[in-house]
Amino acid sequence: MPDDKIENRKADHLDICINSDVESQVKTTGFEDISFIHRAIPKFKMDEIKLESLFLGYRLKYPIIIGAMTGGHSKALEFNRKLGELAEEYGIGMGLGSQRAALNNDRLVETYRIAREVAPNTFLIANIGAPQLSSLKSFELEKIINMISANALAVHLNCLQESIQLEGETSFCCLLENLNKVTREISIPVIVKETGAGICWEDAKKIEEAGVSAIDVSGAGGTSWSAVEYIRGGSELGRIFWDWGIPTAVSLIECVNSVKIPVIASGGVRTGIDIAKSLSLGANAVSISLPFLRAAAKGMHTLRNYLDNIIQQLKVTMYLIGAKTIEDLRKLPLIITGKTSEWLKLRGFDVAQYVNRKID
Ligand SMILES: Cc1cc2nc3c(=O)[nH]c(=O)nc-3n(C[C@H](O)[C@H](O)[C@H](O)COP(=O)(O)O)c2cc1C
């Protein structure tokens with residue numbers, strides 16, 4: 001696709017995501033089927049709660065990553081500046097949007113690089129689409145990584161979006177071989193992420209076997225790329241597949257029970273309670289996209305407010321269930337009911353393991 005077309009498409013996506021209803025309509029994340037056990041007798045003071053964690057060897061002050069979103073067009077510069085500033089100020093991670101657009105167009109490099117300029121100490125994740133891997137030369141991969149002095153490279157899977165968009169690329173040929181090659185070629189960890197349709201355990205195992213260092217499930221229940229493409233092009237396919245995908249909580253449980261590498265929960269993670277549930281289910285961090293984008297459109301004050309609120313919600317949740325640390329969260333019982341439980345049982349997962357966790 002010509003560079004100016006990619007640029008226009010990216011700018012359209014940003015506008016649509018900010019201004020239109022692009023989230024799942026019928027399908028939910030499954031977090032609503034997961035409950036903690038409330039403790040009426042608190043065991044510690046709320047200010048004793050510790051949220052620091054390590055992700056792929058990097059210290060995060062909070063286990064939160066701003067999801068991959070933007071870059072590659074003029075409007076992206078300001079968004080990445082604000083998101084980078086927020087990440088640096090709070091000690092959270094940040095993903096950049098697909099860097100394909102800047103490979104052949106040096107004018108666009110700054111729209112990504114700005115994030116590193118304002119966030120010199122932040123865990124930054126470079127980004128490229130899986131379909132591009134087969135044609136990418138080693139020096140191009142290096143260019144993507146060096147552009148933001150990335151700490152990790154995310155390869156995104158978006159076969160849903162590609163199959164319904166007008167100019168979609170539906171050749172994911174040799175994906176696992178290409179992934180394996182990339183993991184051996186580059187010196188930073190590779191993360192494989194979906195973009196809102198989730199990852200099942202069978203695929204997670206193949207991704208792990210390809211030498212990948214972490215998986216971001218990006219399940220269904222949050223931003224729907226079918227919806228975005230439907231709104232952008234009016235394609236009937238987009239409307240029909242609006243709610244397609246594996247709910248985030250289901251995908252997370254399938255992945256954490258099947259692979260040993262770290263797993264990020266994303267796709268409709270919206271509140272501190274969702275974050276607590278994700279961590280308790282075994283996620284090593286969460287990633288949030290759409291709410292950060294919409295807050296950034298309003299400015300730094302709204303961005304800080306949103307992040308302060310979800311951190312506070314996470315702390316209150318931990319206080320109410322007696323978890324002083326993220327490690328504690330992983331040991332506390334969870335009750336999984338409804339569709340999420342049904343799905344997992346049908347797929348052969350032991351849902352009782354969560355409720356049988358000891359409580360004191
Ligand atoms: C405006 C926008 C642009 C995005 N662009 C990318 C991208 O370039 N690369 C990528 O891996 N994911 C991209 N995503 C997907 C997100 O990283 C994330 O997987 C998805 O939005 C689900 O998370 P959410 O429900 O919190 O938004 C984008 C999301 C949004 C909202």
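Which residues in α13 meet which ones in α14? Select P291, F292, A295, A296 and K298 in α13, then T302, L303 and Y306 in α14, and you have the contact; two residues are in contact if their C-beta atoms, placed from the backbone, lie within 7 Å. Before going on, a word on what you're looking at: this is a predicted model, where local features need pLDDT of at least 70, side-chain atom pairs count only at pLDDT 80 or more, and totals for chains, interfaces and linings use all residues. Residues are numbered from 1 along each chain as its sequence is written.

Stay with the two helices, α13 (290-298) and α14 (300-321). Helices (H or I, at least four residues) and strands (E, at least two) are DSSP runs, numbered from the N terminus. The axes of α13 and α14 come within 6 Å and cross at roughly 145 degrees; these axes are lines fitted to C-alpha atoms over the stretch in contact, with angles running from 0 to 180 degrees between N-to-C directions.

Next, show the ligand. Of the 26 residues around the ligand, G97, H156, G222, T223 and S289 come nearest (a residue belongs here if its C-beta atom, placed from the backbone, lies within 6 Å of the molecule). Color α1 (3-19), β7 (152-156) and α13, the elements that give two or more residues to this shell. The largest share, three residues, is from α1.

Phi of S149 is near 40 degrees and phi of S218 is near 35 degrees. Most residues other than glycine have a negative phi. Find S149 in the loop between α5 (138-147) and β7, and S218 in the loop between β9 (214-216) and α9 (225-233). Buried or exposed, what is S218? S218 counts as buried, with 32 C-beta neighbours inside 10 Å, whereas S149 is partly exposed, with 13.

Technical notes. A residue is buried if 20 or more other C-beta atoms lie within 10 Å of its own, exposed if 12 or fewer, and partly exposed in between; C-beta atoms are placed from the backbone.
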